[in-house]
Amino acid sequence: MSDLPLSGLRVLDFSQFLAGPLCALRLADLGAEVIKVERPQGGDLCRGLVMADQRMGADSLLFHIINRGKKSVVADLKAEADLAAVRTLIAGADVMLHNFRPGVMERIGLGYPQVAEINAGIIYGVVSGYGTEGPWRDKPGQDLLAQSRSGLVWLSGSATDGPVPMGVSITDIATGLNLAQGVLAALVGKLRHGKGALVEVSLLASAMDLQFEQFSSYLNGAQVQPPRSAVNGASVHIGAPYGIYATADGHIAIAMTPIARLAELTGIVALDAFADPSGAFARRDEIKAVLGAALAGETTAHWLSRLEPADVWCAEVLDWPSLERSGGLDALGVVQEVGAGTRAFRTTVCPIRLDGRTLRNPAPAPALGADSALLGKEEPHP
């Protein structure tokens, strides 16, 4: 990976769980050397965060997925000898990341002003739940909690569903990617003016950024929560037919399409009553109810055969097994093998391609303290 754009850069990753480590993973995929600085007792808490009962040895599979290709050193940041060794490592680093609660690193002596005295050119990245000021600064920054506080859970589902959280750790993922963007921008800035930078992101700000369309509409309108569609809800602001519908053998998704055109292509006569495009939003539930009843009478393939040739935005709704069987993933090469033997697993690749090259890093996640020689310690952590 020596020919990748971040080759030669050293990143110190003090973060745990998902958002910070995801940023570090993306930097590693782009060629950076990433060194996790972990606690002697158990290391990154994600090592013990077991999902779906999947483990690799003593660690969770999730830890290995999010920390592949990195190194690990152990350091007790409350012990002066270890702290001195960490400061030496910081002096030669390009980037430092952490997601401790506000004030923790400052008390340790590794806040940004203190680190900048050691290494003025360092890019210092911080993840918080809700920022470093304000009434929520000390609340736990966790994905589901941030989704819930941000209003995001009121955008998915239909009107009678109650709050619906995303099925992925969306605010963690968005925050990690935002931090990666900020770090990369700061590195470019350093090339131009030679200065380091403090890059701060939060789960809440990232959650609001994900909602920029809907929240901006709220801010510029009556400032009331937009109602979700009562039928086949998929967007609070988009009119019919936007949604997912049951068919005789599965489901089909239909995006923005004039109702008159949809009626012509499907032969659903009852849709003729809704041909006026001005009613697509105001009468969306009526339209969706009529459309849904008709679509349920034929197979997904039947409807796709009518709609796709006319370039209607539609798609079969797939689960993961049917997605794998479809062949749609094959051309993208999004799955890679990492590690070997008992430490082998399959996961996704970095979604960025460079000069036509898919970025693959087959190195597994590190054992706790496997690279502690970087701190001047003779023996790796047991």
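User: Before we start, what counts as a helix or a strand?

Analyst: Helices are DSSP runs of H or I with at least four residues, and strands are DSSP runs of E with at least two. Both are numbered from the N terminus. Also, this is a predicted model.

User: Good. Where is A52 found?

Analyst: A52 is in the loop between β2 and β3 (55-56).

User: What is its phi like?

Analyst: A52 has a positive phi of about 55°, although it is not a glycine.

User: Is A52 buried or exposed?

Analyst: Exposed. Its relative accessibility is 68%, and the cut-off for exposed is over 50%.

User: And D311, where is that one?

Analyst: Look in the loop between α12 (300-307) and β11 (314-316). D311 is not a glycine, yet its phi is positive, about 65°. D311 has 61% relative accessibility, so it counts as exposed.

User: Let's go inside. Which residues touch the most other members of the largest nonpolar core?

Analyst: V11, L27, V95, L97, I123, L179 and V183 do. The core has 24 residues.

User: What is V11 in contact with?

Analyst: Leave aside neighbours within four places in sequence. Then V11 is in contact with L27, A32, E33, V34, I35, V95 and L97.

User: Now β7. How many of its residues are buried?

Analyst: 6 of the 6 are buried, so β7 is largely enclosed by the rest of the structure.

User: Which way do they point?

Analyst: I123, G125 and V127 point one way from β7. Y124, V126 and S128 point the other way.

User: How many bridges join β7 to β8?

Analyst: 6 bridges, and the two strands run parallel. I123 stands opposite A197 in β8.

User: And how many join β6 to β7?

Analyst: 4 bridges, again with the strands running parallel. H98 has V126 in β7 as its bridge partner. L97 stands opposite G125 in β7.

User: Which way do the residues of β6 point?

Analyst: V95 and L97 go one way, M96 and H98 the other. All are buried.

User: How does β1 pair with β6?

Analyst: Strand β1 (residues 10-13) pairs with β6 in the parallel sense, over 3 bridges. The partner of L12 in β6 is M96.

User: Which lining residues are closest to its centre?

Analyst: R39, A75, L77, F100 and I108. The lining has 19 residues. β2 (33-38) and α4 (104-108) each supply at least two residues of that lining.

User: What kind of peptide bond joins A240 and P241?

Analyst: A cis peptide bond, with omega of about 15°. P241 has its place in the loop between α9 (212-219) and β9 (243-246).

User: Last stop, α10. Which of its residues are buried?

Analyst: I259, L262, A263, L265 and T266. The buried residues of α10 pack against α11 and α12.

User: What comes just after α10?

Analyst: G267, which takes a positive phi of about 75°.

User: Where does D272 lie?

Analyst: In the loop between α10 (259-266) and α11 (284-295). D272 is partly exposed, with a relative accessible area of 48%.

User: What separation do the C-alpha atoms of D272 and I259 have?

Analyst: 7.9 Å. The two residues are 13 residues apart along the chain.

Notes. Residues are numbered from 1 along each chain as its sequence is written. This is a predicted model: local features need pLDDT of at least 70, side-chain atom pairs count only at pLDDT 80 or more; totals for chains, interfaces and linings use all residues. Side-chain values use heavy atoms; hydrogens and water are left out. A nonpolar core is a set of buried Ala, Val, Leu, Ile, Met, Phe, Trp, Tyr and Cys residues joined through side-chain atoms within 4.5 Å. Buried means under 20% relative accessible area, exposed over 50%, partly exposed in between (1.4 Å probe, protein chains only). Contact means heavy atoms within 4.5 Å. Two strands pair if DSSP finds at least two bridges between them. On a 1 Å grid over the protein atoms alone, a cavity is a set of points where a 1.4 Å probe fits but cannot get out, and a pocket is an open set with protein on both sides within 12 Å along at least five of seven lines; lining residues have an atom within 4 Å of a point.
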